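Subject: Structure for you to look at

Hi,

Here is the structure I promised to pass on. Have a look at it first, then read my notes below.

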Amino acid sequence: MYFRDPLLAEGAGLPARVAGAAIDSLRLWDWLIDLSGLSGAVKGLDRFFNSGGPMTRTRKEPVNRSLLDNVQLQINWPCRMVVGLKFPKGVSPVPYVEGLLGEAGYETPSGAVTAQSDLPDSIHYCHPVDLGRSKLSQISPDSHAEFLRFALILGLCGPNYYDRNRPVIWTEGRLTRKVGLYLPRGFYED
Amino acid sequence: MENLAAESCLKKIGVYGYEQVEPIILAALVTEDPLLLIGKAGTGKTYLLNSLSEVLGFEHRHYNASLINFDELVGFPYPNDDFTGIRYLQTPATVWQAESVLVDEISRCKPEHQNRLFSLIHERRIQGISIPLVRYRWAAMNPCNADQGAGDFYEGSLPLDQALADRFAFVIHVPDWDVLCESDQCLISDPRGEGVRSEEDGAIAERVEAAKSCYQKLLKVFPRAFRDYAMTCANLLNGANIRLSPRRVRQLSKNLLAVTAVNGGEIDERLFLLTLTATIPHAAWGQEPDESVVRSVHRSAWEASMAHGREKWLNAFLLERKLSKRVCKLLADCPDADTGTLAVTRSLASLALEEQAAFAFALYPVSLEMEGLVGKEGINDLGKIASGILAVVGELSWQERRVGQPMDHPELSRVSKTLANLSGKRRERASQLFYHLLTNHITLQNPDAYEEEFNQCISVIRSWLKAQGSPQG
C-alpha cells in the first residue's frame, strides 16, 4: 500500500498541473517518464513518484514549565537563595573548604553548622540552577567566612532537599553544584 | 508436605500419589461439600471415590453422566394408590437411598442433564424432590476441550457450565504418572494388590470425625486471619481478571477452615495455597488460571493476613489499589518513618510510570514539610521523580503530515480537554503533571480519571495537614 501525493490525486490519476501551468495529462506523463532518470537533479520531481510511505514530518516544541520561583503561577515556591562556589584555579574543592573550616576555628563541619546562626533553618527544596561563569562569579562569595557558609549549605543539600539537621557531606560533586533553595508552600491549597 | 505424606490415609486403601491433594479430599469429607476431580484417563479418580465410599460404609451410587438415563436415576414413575401423586419405583440404582453419589464423566453429559445434575449437586434434589440421605456429592471428569494439553485428546469432554462448576466446593487436579515419585510408581505398577481387601481399619473415618470436631470449633471462632486471607485473595484475583463470586469467597473461608481442621487445627501456609488453588473452579470450564498468578496472590494474601506489626501494615498498604487510599493509609497510621520509607520505595517499584509520577508529586511536598512521615531515603526517592515534575524542561515531539493544516500534539489535545475543566491551583498541579508525562512519552488511557485520582490524593493530604494544624492545609 502506498499513498500518493495529493497533487497527483486530481484528474484521472495523473497530474493536471505543474508549476501553475495547465498541461495536458498525457503529455505531462510522457515528460515525467523522460525525466525519471534525472529525478535527483530536478528539485521536487521525486514527489511525483511513489516514495513508499506517507509524507510526514516531526514537529518539536520545547517545554519549560516550573513551579519554582514563577510569579505568574498561583503555586509558586519562592527562591530563598542561589548557592554556588567558584574555586580558585587549580585547587581541589574538598581540601580547600576543609582549610577554611580550620581557619575559622572549627574541628568538624557539624561543629560549624551548630555554631553558624545564619544557615536556613527549615527544610528547603533544592534544585540545580543553570549559572554561566559570570553569574557564578557574582554569587560566589569573596570572604572566607561566607565561602564556608555556602560550602556548609551545599554539604547539607542532598539530591533534592536541604536540611540543616542532616550531616554535612563534602564531596567535589556536591561542592561544585549550583543550586537554588526553594521554600515549598501553597502546594495543597485549593 | 512430608508430614502429611507420612500420615497418608489414602495409601491404605491403595490410592497412591494423592498425598499432595489428600488434605483437600479429607476436607471435602469434613464439610460434606461437593468435590470435583479433574484428571486424565486412568489416573484413579473413580477408583479413589468408589474406594472412599466403600471404606466409609456409605450407601453409594456411581453414575456415568455420558450414559445416564434419568429413569434409572430416579426410578420408574407410577401413580400412588389414590392417583393424587407420583411415586418412583426404586431399584438398587436409584438415588433415593444413596448417601454418596459419584457422577463420573460429568463433562460429557448433555446440557439438559447438566441442569438436572445441578440441582442434585447444589440442592440435593432431583426433579424438585429432596434426597435427604445424600451427604456426599462427588464428580469426576477429564480435562475439557479448552484445557487439554498437546498430547491429550478427550473428544466430547466439554467445558462445564460455570454455574454448575461454581457449586463444587473443591476442584482438584489429580496427579498423572509423570509427577509421581518412584515408590508410588512401583506400587501402582504392582498388579498383586488388585482385588485385595483394604487394611485401612477405620483410620479414615476416625480422622474425618476428629477433623469434623476441630472444624466445628474453628467455625465458631472463625479467626480473623482466615477472613482477611480470603478477602485479599478475592480482591487480588479479581484484579487479575480471575473472578471469584461472592459465594466462592465465602466457600474459600469455609475450605480454609476445613483443611486446617484436617491438619489438626494448625495453620500451614502450604495448605492455604493448596486450598486456594482447589477453590478456584476455572479449570472446570477450561480456563485454568496461571499458576504463577495464583502463587503470587497467595503470597500477598498470606503476608497481609498472617504478618504482624510493621510487615502487616506494609502489606495492607501495598494491597491498596487506589493511590488516594495508599496516601490516606500512609498519613493515617504508618507505624514509623522507616516503614514509611519502605512503603514509598516499594510503591514506586511496583506502580506504573504515570502512577509513580502522581504518587511522588502528591507526596513529596508533605514529606518535606512533615518530619517523620517518611524517612530520608523515602524523601529522596520521591524527590527523584517529583523534581522532574516541579520543573518540566523537555520537548514535545509528534508527527504530522507535510500537507494540510498543522496539527497539535495528539496527547496534548486530549489532556487539554481535561485541563479546560479545571481552574486555579488544581489546574496548575495537573498541568505540571501532564507536561511531565507528555515530555516523557507516557500516555494516559483516561486523563480525566487520572487527574481525578491525583486530586483525590491532594485532597486527602490537605485534610490531613489541616488536622495537623499545618499552614499548608
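A quick definition before anything else: a residue is called buried if its relative accessible area is under 20%, exposed if it is over 50%, and partly exposed in between. Keep in mind, too, that this is a predicted model.

With those cut-offs, A:Asp69 counts as partly exposed, because its relative accessible area is 45%. You'll find A:Asp69 in the loop that runs between strand 3 (56-66) and strand 4 (79-83) of chain A.

B:Glu32 is not a glycine either, and its phi is positive, near 60 degrees. B:Glu32 sits in the loop between helix 2 (22-31) and strand 1 (35-38) of chain B. Is B:Glu32 buried or exposed? It is buried, because its relative accessible area of 15% is under 20%.

Now for chain A as a whole. It has six helices and seven strands, and going along the sequence they come in the order β-β-α-β-β-α-α-β-α-α-β-α-β. Chain A has 190 residues, and 41% of them count as buried. If you take the contacts in chain A with a separation of 6 or more, 68% are between residues 24 or more positions apart. The accessible surface of chain A is about 10,900 Å², with 52% of that on carbon and sulfur atoms.

Next, the place where the two chains meet. How many residues of chain A are in contact with chain B? There are 36 of them, and they touch 44 residues of chain B. Together the two chains bury about 4,100 Å², and carbon and sulfur atoms hold 54% of that area. A:Arg59, A:Arg65 and A:Tyr188 provide 22% of the area that chain A buries against chain B, more than any other three residues.

I get 23 residue pairs in polar contact between chain A and chain B. On the chain A side, strand 3 and strand 5 (124-128) are the elements that give two or more residues. Strand 3 gives the largest share, eleven residues. By type, the chain A side splits into 16 nonpolar, nine polar and eleven charged residues.

Five salt bridges run between chain A and chain B. One to find is A:Asp163 with B:Lys376, where the closest N and O atoms are 3.9 Å apart. Also look for the salt-bridge network that links A:Arg57, A:Arg59, A:Glu61 and B:Glu400.

Over all chains, the whole structure has 32 salt bridges.

- B:Glu22 and B:Arg207 meet at 3.6 Å, N to O. B:Glu22 is in helix 2 and B:Arg207 in helix 8 (residues 203-221) of chain B, so this pair links parts of the chain 185 residues apart. B:Glu22 is buried at 3% relative accessible area, and B:Arg207 also counts as buried, at 18%.
- B:Arg61 pairs with B:Glu59, the closest N and O atoms being 3.0 Å apart. B:Arg61 is buried, at 7%, whereas B:Glu59 is partly exposed, at 37%.
- B:Asp268 pairs with B:Arg270 at 3.3 Å between the closest N and O atoms. B:Asp268 is buried, at 15%, while B:Arg270 is partly exposed, at 40%.

Cheers

Definitions and conventions. Residues numbered from 1 in each chain as written. Chains lettered and ligands numbered in written order. Predicted model: local features only at pLDDT ≥ 70, side-chain atom pairs only at ≥ 80, totals over all residues. Heavy atoms only, no water. Helix = DSSP H or I, 4+ residues; strand = E, 2+ residues; numbered from the N terminus. Buried < 20%, exposed > 50% of the residue type's maximum accessible area, 1.4 Å probe, protein only. Contact = heavy atoms within 4.5 Å. Areas by Shrake-Rupley, 256 points an atom, 1.4 Å probe, with all protein chains shown as cover. Buried area = accessible area lost by both parts, 1.4 Å probe. Salt bridge = Lys/Arg side-chain N within 4 Å of Asp/Glu carboxyl O. Polar contact = N/O pair within 3.5 Å; in protein donor to acceptor, adjacent residues only side chain to side chain. Nonpolar A, V, L, I, M, F, W, Y, C, P; charged D, E, K, R; others polar.
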